[in-house]
Amino acid sequence: MADNNIFDNSLTGTQRLIQATAGILTFSNSPTDNSFSIGPGDSDDYYRLTVSRSSNVIVKLYPDGGNLNLAVLDATGNPVPGLATNNPSALTDVVVTDAASPLQAGETYYIRVSGNSTTEINYTLSVETTPVTRADILWRNISPPGSPVSGVNGIWRMNGTTLVSAEVIGSPVDPVWRLAAAADFDGDGVEDYFWQETNTGGLGIWLMDGTGTVIKSVAGIPFIVPGEWYIAGVGDFGGNSSLDIVWRNSNTGFTGVWIMNGTSLAAIAEIDYLDNLAWVIEDVADYNGDSKPDFFYRNLVTGQNVLWMMNGTQFESAISLPTVALDWRMEGSGDVDGDGDADFFWRNYASGENGVWFMNRTEFIQPASTSFVDPSWTIAGILKKVPPIDIAGNAIGSAFYIGKLDNTATYQDTIGPADTQDFYAFNLAIGSKVGITARGIGLSAATEIDILAADGSTIVGSTTANGADEERLSNLILNPGNYFVRVRSFSSTNIRYTIDIAAEEQLPVNLLFPTTPPITTFKNLNGSTFTSATDVSVVNPFTFDLEYKVTYTGRPLNEFKVGFFLSKNGILDASDLRLDLNNDGQGNANDFALITGAQPNTEITRTQRLTLPSKDSPFWIDEGLYNIIIVLDPDNEILEQNQTGNPAENDNTFAAQIRVRDARRPDLIPQNFDVTQSTVSRGSIVNLTGAVQNIGTAASDTLLQAGAPFPVSFYLSTDQQFSRNDRFLRTIQISTLAAGAQTSIGSAVTVTIPTNISPGQYFILMVIDPDRNLEELTGGELNNVAFDTITIT
């Protein structure tokens with residue numbers, strides 16, 4: 001596509017300019033600019049690149065639909081020192097400048113995007129700039145409790161003297177706690193926050209993650225320090241690469257050093273100091289470039305300022321600086337302008353003004369004003385640690401997208417205590433065989449590498465160690481979709497690693513049934529066959545063998561599942577009954593046959609033993625034809641496509657008819673049986689009331705002549721149980737009773753009490769079908785009896 005009249009086809013004449021400061025700039029086509037493309041007649045796009053200060057740069061090129069090349073060049077057209085990928089296909093390429101040779105302010109560099117495609121390829125370009133020095137401001141609000149901002153802590157992300165963004169740190173902390181220092185106490189490359197409780201003298205350290213806003217853990221300091229002692233600063237005075245804590249007594253001026261081993265106190269050392277109480281230590285840092293911490297003293301009576309050059313704990317020399325009005329406090333140091341020297345941050349707590357002294361080592365150059373901030377906010381520290389140069393994102397939301405994976409993409413990155421997770425994202429357009437190889441010194445013992453599904457949490461594959469320095473995962477078959485690679489570190493040191501993420505596209509899979517009959521054959525357990533012309537009885541569970549044939553196309557599968565369902569209409573839906581294959585008494589996702597080792601494009605014959613439920617199952621609605629539905633991949637675990645890439649899930653079922661009898665049975669029960677007289681004499685006539693209900697699935701005449709009635713008999717018993725020893729009283733006939741129906745036994749049913757019995761308490765029993773000619777549902781005869789008590793005199 002045309003470049004919208006923007007000339008960008010040569011290094012020297014390009015009109016495209018990228019002025020990088022800090023953060024990420026992204027360039028891609030938009031409704032008003034579609035010039036970000038390479039194609040016929042436009043094989044090169046050049047961008048002039050400048051940085052505002054000494055910086056490391058990560059440039060990423062995301063092609064859309066074809067292979068493009070990426071390079072970062074110096075003013076002469078040669079590649080700058082650093083790491084450059086050259087991935088095939090439309091996979092993302094990256095250039096990372098060498099941390100030892102950062103890009104410099106005032107110099108001109110170029111980004112080249114190139115390709116030799118015969119078709120147009122759009123692309124997105126991102127430029128991530130990280131200055132080699134940092135001076136972000138750590139703020140703390142000391143408003144009294146009750147103020148909505150009391151105890152709030154936050155970070156100003158700065159680019160020189162310009163505010164880029166602001167972030168809150170955790171929850172508010174009671175103002176009695178002083179945020180006394182910000183320094184990397186645990187050696188993970190991230191500043192941690194040292195707290196001092198001004199009332200009790202309690203101490204603690206927030207150990208922070210790589211963002212500086214999330215607390216990883218809290219380290220307690222098992223000492224109580226009286227309130228007249230304050231932390232003046234931190235620096236390596238012990239020469240053990242740990243940051244030591246400088247304490248000063250506000251009553252006496254005495255100054256000492258806690259020599260630390262990480263977050264633990266190793267020793268206490270004396271140090272040279274000014275004992276005049278008008279002088280306070282405002283900052284501890286290396287001002288003259290000898291890699292040893294020095295002191296910034298400020299006189300709170302005269303406004304004088306002086307640098308003490310130190311050699312460990314010994315004073316060497318003093319350098320005077322301009323005097324500053326007493327409204328101002330010097331609140332910390334950091335390299336604001338990127339020249340490698342510590343500049344000084346000043347704050348006026350009367351007016352809320354802020355300013356910076358730009359320094360050339362120990363020489364004051366010039367001041368600069370910055371923004372106003374309410375005086376209730378204090379500068380608690382200057383954050384100087386530069387975040388690591390990181391290609392991959394540190395969370396699912398910031399994962400590095402490497403493109404549609406159809407080849408091998410190779411990247412290098414570093415993981416360690418300050419950067420414990422790296423995430424890569426990729427897409428598979430069709431089912432593919434995916435592999436990962438990662439190499440790095442000591443990598444196997446200190447990392448875990450997983451492939452995650454699109455939800456970002458489900459693990460679908462993991463690497464295993466291949467020696468001490470390599471992790472590998474091979475031949476993982478994945479369906480089309482989005483995935484993540486997560487690299488997790490458990491190491492206390494940084495590990496530089498190279499990772500290959502590869503995919504080999506596989507033919508799409510389609511599970512289906514052969515077109516040549518017979519697809520199914522029903523067999524009795526003796527081996528004889530039967531068809532739907534022969535009915536099978538389900539008075540009891542009916543077990544048989546079903547021989548069936550399936551096939552599939554596409555890539556070879558290690559295995560796939562087959563489920564079996566009982567259906568009335570032959571169309572699979574939620575009302576169908578999944579047959580129990582594992583004999584646990586229920587049909588669910590655990591009931592399947594597993595076909596393994598079968599090759600595509602072959603006819604696969606298997607036999608499955610199945611059992612139909614007995615007549616008592618509520619599934620049965622009538623007798624006649626039902627269907628055994630065979631379902632391939634019943635739980636949709638394999639994404640199927642036909643040869644044209646369209647979904648192919650609609651040919652996974654086959655219905656085979658089976659004829660069933662005895663599936664519907666009545667179940668008759670007495671209801672509301674009552675003997676109207678409670679006490680009668682021998683020879684008396686007794687009135688009876690009650691009803692009969694059919695709670696079964698078929699009419700009472702199902703296995704009798706159509707319309708046949710059924711008997712209800714009445715007996716005199718000495719107990720509540722019906723037996724043939726009970727005295728028969730009479731029988732009545734009840735007309736055919738449909739499933740679910742109920743009928744009264746009549747309004748004039750009477751029985752005569754025998755005269756030849758002894759007086760006492762008896763039971764009159766109402767018994768439905770006493771000879772059990774009705775074949776009811778299993779257990780249906782057990783609920784055919786009702787009784788009522790009567791006293792005979």
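Author: Strands here are DSSP runs of E with at least two residues, and they are numbered from the N terminus. The model is a predicted one, in which local features need pLDDT of at least 70, side-chain atom pairs count only at pLDDT 80 or more, and totals for chains, interfaces and linings use all residues. Residues are numbered from 1 along each chain as its sequence is written, and side-chain values use heavy atoms, with hydrogens and water left out.

The part to look at is N153, a residue of strand β12, which covers residues 153-159. N153 has a relative accessible area of 1% and is therefore buried, a word that stands for under 20% relative accessible area, as computed with a 1.4 Å probe on protein chains only. The side chain of N153 makes a polar contact of 2.9 Å with the side chain of R140; such a contact is a pair of N or O atoms within 3.5 Å, and within protein one atom must be able to donate a hydrogen and the other to accept it, while residues adjacent in sequence count only if both atoms are side-chain atoms.

For contrast, consider N672, which is placed in strand β52, residues 668-675. N672 has a relative accessible area of 63% and is therefore exposed, the term for over 50%. Although N672 is not a glycine, its phi is positive, near 55 degrees.

Notes:
Helix = DSSP H or I, 4+ residues; strand = E, 2+ residues; numbered from the N terminus.
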